[in-house]
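Hi,

Here's the structure I promised to pass on. Have a look at it first, and my notes on the ligand sites follow below.

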Amino acid sequence: MKQILVKTERCIGCKSCELACSTVHSGSKDFLAAVLKRERPVRRVTVETNRENTVNIPVQCRQCREPKCVTACMTGAMHLDEATGLVLNREEKCVGCWMCVMVCPYGVIVPNEEDKKAVKCDQCLSGGHNPACVKACPTGAIKFIEISEFDKNRKKEFLTKFVAGEEA
Amino acid sequence: MRYVIIGNSAAGVFAAETIRSLDKSGRIEIISDERYPAYARCLTSYYLAGQMSEEQMMIRNEEFYANNEIVLNTGQKVTGIDTAERQVRTDNGHIYGYDKLLIATGASPVMPDIPGAEMKGVFGLRTLDDAKGIAACAGQGGHAVVMGGGFVSLKAAYALLKAGLSVTCIVSSGQILSQMLDREAARILGDLLISHGLDIKFHADAAEIAGDSIDGEMTARSVKLTTGETIPADVVIIGKGVTPNTGFLSGSGIAVDRGILVNEHLETTVPDIYAAGDAAQALDILTGQRSINAIWPNAAEQGTAAGRNMAGSPVVYEGSLGMNSADFFGLSTIAAGNPKAEGDEYEVVKLFPGRHLYRRLVFKGDNLIGYILVGNTARAGILTSLIRERVPLGSAKNELKQGRIGQRLLW
Ligand SMILES: Cc1cc2nc3c(=O)[nH]c(=O)nc-3n(C[C@H](O)[C@H](O)[C@H](O)COP(=O)(O)OP(=O)(O)OC[C@H]3O[C@@H](n4cnc5c(N)ncnc54)[C@H](O)[C@@H]3O)c2cc1C
Ligand code: SF4
Ligand code: SF4
């Protein structure tokens with residue numbers, strides 16, 4: 001499976017990824033049109049900056065191997081999809097109880113209060129599995145990298161990381 | 001390998017799934033005294049509110065049991081376990097032999113010892129059948145009395161308000177949700193519920209349920225309070241807490257305290273017999289003691305860990321954490337850890353950043369040990385993680401005290 005990782009030294013904190021994410025997940029697929037139609041696009045990635053203002057990291061779902069959001073979900077909506085290995089939300093089953101929000105260690109599930117649905121990164125699976133944030137990043141800081149299926153331990157380690165290290 | 005699982009809910013189903021992912025050929029049998037495939041007990045209040053059908057409450061699809069080759073035996077109650085013969089007996093005379101056994105029988109509502117509690121129209125709210133029974137008595141415009149001010153009571157009261165009933169909630173203490181919330185948070189939620197029509201009687205208890213004989217059956221008609229007041233009731237819901245379902249274990253040699261005692265592998269005092277979920281008394285992360293934090297996430301995680309151990313892939317259970325999330329009229333509230341801690345060892349910070357917004361943070365030394373968020377609960381999980389992982393806060397503490405919750409708290 002592939003994972004979204006970041007070359008932190010390249011991220012300048014421009015938030016192009018945030019904008020691209022909101023746009024691709026809006027009904028209009030166009031940011032201005034979406035805003036004009038009073039849609040409130042929900043983004044699933046947030047650029048965070050350290051206290052010293054020296055490092056920026058776009059943060060989105062880590063696709064955990066032992067996802068806390070799945071065990072917390074009391075409706076069976078949040079699940080680990082066998083076919084893709086991704087953690088996905090069956091929105092038709094989601095009731096907006098925010099049990100998943102309460103436990104996601106990375107704080108990356110967005111509670112969409114209007115629709116009462118938990119929203120999170122699906123690596124743009126519905127749009128051809130080609131993440132919009134990766135395409136939008138002007139400096140190439142966000143990478144979509146194949147994680148070796150063979151080395152299970154390494155995979156686990158990589159999955160919970162945000163940062164693309166030397167090996168990648 | 002023969003695996004038998006008693007209980008077809010959070011703990012039982014997550015265990016069965018985990019076992020099947022590790023053991024493709026073993027025989028897995030689930031026994032349940034209910035008559036449904038696994039459903040979300042937590043959604044029974046949504047069912048009462050008319051927001052959800054029975055089908056929508058199922059936590060797995062129809063093919064789940066067949067696809068995973070799990071045999072589901074519904075409508076039978078386990079009455080005893082013979083640990084020497086490795087057999088489970090049920091009330092309809094079936095005997096199930098096991099190599100590994102999981103007890104995931106959950107809990108049942110505690111019914112009060114007051115006159116009239118056995119009448120028709122008086123319910124606990126635990127099962128889908130309870131919800132169906134309540135719905136049958138609770139027509140629009142009717143009157144419901146809910147005993148108790150805890151989480152399940154309020155969810156029930158909220159649902160019945162939404163279904164168009166007038167609802168009175170009887171709370172023996174001076175505040176609602178006294179296990180989960182402090183006075184400040186409870187007041188915000190209480191005022192909101194009251195402004196939407198919920199009638200709350202504080203410092204009161206039910207003394208007696210009175211009724212009429214309808215078709216030869218005594219049926220609840222009113223609730224008399226300790227304060228002398230009488231409240232009309234078409235339906236009475238009891239939410240005075242739950243007790244683990246362990247009665248069938250007496251004489252089995254399996255040690256039971258409040259719940260079934262389990263070790264770090266979720267194994268009971270009898271080898272090859274495990275317990276998980278609301279029935280099990282397992283390690284609590286914060287206290288280091290064995291206790292019961294009866295919520296769905298803990299049941300599912302314990303089921304998963306027990307399943308691994310049963311299927312021969314040992315893991316140590318990391319421990320449970322008390323926490324809960326409630327949402328009434330769009331106001332989200334989340335509390336976790338030990339949010340009500342008071343005293344010299346603790347540092348408590350209370351923030352009121354706006355209308356219907358409240359944050360309470362409890363620190364012990366350099367660690368966060370509890371929190372309450374009312375309104376805007378996004379990213380609460382970061383705080384939960386700070387508690388669970390005992391992250392030393394250092395300079396992040398000041399940031400947190402100002403109410404800023406970001407990923408970088410973890411860096
Ligand atoms: C109305 C309501 C709302 C709730 N809301 C929330 C919420 O928002 N968030 C949250 O985290 N938790 C919530 N909970 C709590 C949550 O439902 C429980 O923590 C969870 O269901 C525990 O799962 P379990 O598998 O341990 O046991 P249970 O769900 O209680 O399941 C027990 C199983 O064992 C079976 N069983 C019991 N005894 C026997 C026997 N002798 N023989 C055969 N079978 C037996 C039962 O049929 C059932 O299948 C709520 C509970 C209720 C009632
Ligand atoms: S939402 Fe959070 S807990 Fe769930 S898989 Fe993503 S990072 Fe992990
Ligand atoms: S908000 Fe939705 S996805 Fe999250 S736990 Fe509740 S039902 Fe599951």
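Sorted by class, the shell around ligand 1 holds 19 nonpolar, 11 polar and seven charged residues (Ala, Val, Leu, Ile, Met, Phe, Trp, Tyr, Cys and Pro count as nonpolar; Asp, Glu, Lys and Arg as charged; the others, Gly among them, as polar). Bear in mind that this is a predicted model, where local features need pLDDT of at least 70, side-chain atom pairs count only at pLDDT 80 or more, and totals for chains, interfaces and linings use all residues. Residues are numbered from 1 along each chain as its sequence is written, chains are lettered from A and ligands numbered from 1 in the order in which they are written, and side-chain values use heavy atoms, with hydrogens and water left out.

In total, 37 residues surround ligand 1 (a heavy atom within 4 Å), with Ser9(B), Asp33(B), Arg41(B), Val78(B) and Arg126(B) the closest. The site is shared between chains, because the surrounding residues come from chains A and B.

As for polar contacts (N or O pairs within 3.5 Å), an oxygen of ligand 1 sits 2.6 Å from a side-chain N or O atom of Ser9(B), and for the side chain of Ser32(B) the distance is 3.2 Å. Ala294(B) uses a backbone N or O atom instead, 3.5 Å from a ligand 1 oxygen. On its own, ligand 1 exposes 1000 Å², and the protein buries 97% of that (Shrake-Rupley, 1.4 Å probe).

Then there's ligand 2: 14 residues surround it, the closest being Cys61(A), Arg62(A), Cys64(A), Cys69(A) and Cys104(A). That shell splits into 10 nonpolar, one polar and three charged.

Cheers

Notes. Polar contact = N/O pair within 3.5 Å; in protein donor to acceptor, adjacent residues only side chain to side chain.
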